[in-house]
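Dear colleague,

I am passing a structure on to you, and my notes on it follow below. Please read them alongside the coordinates.

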Amino acid sequence: MKKESLGLIAGMILLFGFYIGAENYYIKKNLQESAHPPSQIQANTQTVVTTAGSDKPNQTSQPDSPTQASISPSNDLETFGELVNQENAFVSVPYATFHFTKTGGCIGDNFLTQEKQAYNNPQPVSVIENYQICKAFGVKVGDTDMRSSPSTLWKKSENNVVVVQKTEKFEVIKKFVFSQVNYIGHIEISVKNLTDKSLELPLSMEIGATSDNKNAGGLFSSLPAEYHGAAIMLADGSVKRELTPFESSPERKIILEENQIYPQWINVESLYWMNALVPQFHTPLSFTVVRTGFNLKKDTLSAIDQTVYEAWMSQNLSIAPGQTQSFSYKMYFGPKDEKVLNSFKGDKLDESIDYGFFKIIARPLYYVLSFVQGIVKNWGIAIIVLTILINIVLLPLQIKGYSSAQKMQVIQPKIKELQEKYKDDKTTLQRETMSMMSQQGVNPLSGCLPLLPQIPVFFGLNSTMQHTFELRQSPFFFWIHDLTRHDPYFVLPILMAFLMLGYQKMMPMPSMDPNQAKMMKFLPIIFSLFMLVYPAGLALYVITNTVFSMARQAVLSSHFNKKK
């Protein structure tokens, strides 16, 4: 096998390796070890939490834990509305349902009622999968972990609730107001000093970090890739994010830490969903994401399938006796839908969509694709139209490349004569070959020009396919029910391989020796193997691009043959 052939194959593999490596570098940097985690951040160890490799639950006792009888708001009861019991401790709005836990006063079960988990699974989506432990909006005040303390829930209206927790030293009041539209709400957390001394201590709130499920993603997995994580947009507009993957044997580790900052927003997220908070105050806060070292299982009969992460926002409290200090946030609890998030331009929530390394290409492609889809009403057809538009834009380069290939074909006999004449003098052969090409007006690189723009377009479109919420569960025709997932029967990758082989036969390859030409035939097969795990919409793009290229090749061949 010729070294040129090996180089060609290795180059294609390295190209895909570079993309995968660059993407992973962008979205998942190395986690930073910390031997001294903040004292206010502790592992949440409810009865469903087990250490890796163990089925025994771990529980911790908390200081200053109140008794059930001690919980009653110090404020006027009418301020909070109607006291409700555990069975009625839920809020229902047109787009979602939220259930509040009796212990900890957190959001437990949460469902986006208008979004189903998959095209063949009508169960509603949970933004935060917490297995009913106290996660989203659990609170710590100093060393007192209120997540293991009882709470009372008061309803002022169907979408306006107040959670009250109380110790001998302080009272914590969390007020939630959920909008009827656009997945938004408002949260206010207040701490009242019940002692005769000033309180100087941190207030921390966990916003619901969740890990990937153990078997999510992969070619034959029934669960799609989830990409759970946490992110923060700093005041300078930069976004820092870390993934929270499942770990079979987790160790405690801080994976993201920002201190004394003024963030534009903070979120816990997955590929398509997020719980985001926008601070409505002007004092600094700290944000820490920690892997606790514990794993979860749904119930006693299930296997371990989640790792426990916590994402903490912390502010410093300074409260005089009998006084109250409050912090408020705007909340977004829903899909990473660019059309919805664009209505929050002032908060820049649209930047939570992580298009990855090729963002500069992926976002414009999304806008064009979305515009076309608005006309044709089918995302698959929109992909076909977009592919044709891209080929029309690149047509001048493609014509130039074909013309150069034709010129190379004309001078190929003379190049072979030079190769025979100077077979023992590589330097002279190279000089004479380049001189002949210059005289004939042939640029040896012009044949590659049509390919260069298509490489970033391919990877940019892949990012668009994987991260665009509107494409999620979007069908094409027949067996393709979700263009963002791979073809379940691998029909498109196989069809793509045959079309690419047919296109190769139409391409003039005058400078390629027989062994190298044989190796070129394997490239479509290698490319198709990669496409087995890529979105079906991307395979549709390649197929359309290949069909268009074959038609263009036939027209150009006919045109140049007439000129001979």
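In what follows, buried means under 20% relative accessible area, exposed over 50%, and partly exposed in between, with a 1.4 Å probe and protein chains only. This is a predicted model, in which local features need pLDDT of at least 70 and side-chain atom pairs count only at pLDDT 80 or more, while totals for chains, interfaces and linings use all residues. Residues are numbered from 1 along each chain as its sequence is written, and side-chain values use heavy atoms, with hydrogens and water left out.

Strands (E, at least two residues) and helices (H or I, at least four) are DSSP runs numbered from the N terminus. In strand S10 (residues 160-166), 7 of 7 residues are buried, and both faces are covered, with Asn 160, Val 162, Val 164 and Lys 166 on one side and Val 161, Val 163 and Gln 165 on the other.

Strands pair if DSSP finds at least two bridges between them. S10 runs antiparallel to strand S9 (residues 152-157), to which 5 bridges join it, and Trp 154 has Val 162 as its bridge partner. The hairpin from S9 to S10 passes through 2 residues, whereas the one formed by S10 and S11 has 3 residues between them.

Elsewhere, Asn 267 lies in strand S17 (residues 265-269) and is buried, at a relative accessible area of 0%. Its contacts (heavy atoms within 4.5 Å), not counting residues up to four places away in sequence, include Ile 207, Phe 287 and Ser 352.

Kind regards

Key:
Contact = heavy atoms within 4.5 Å.
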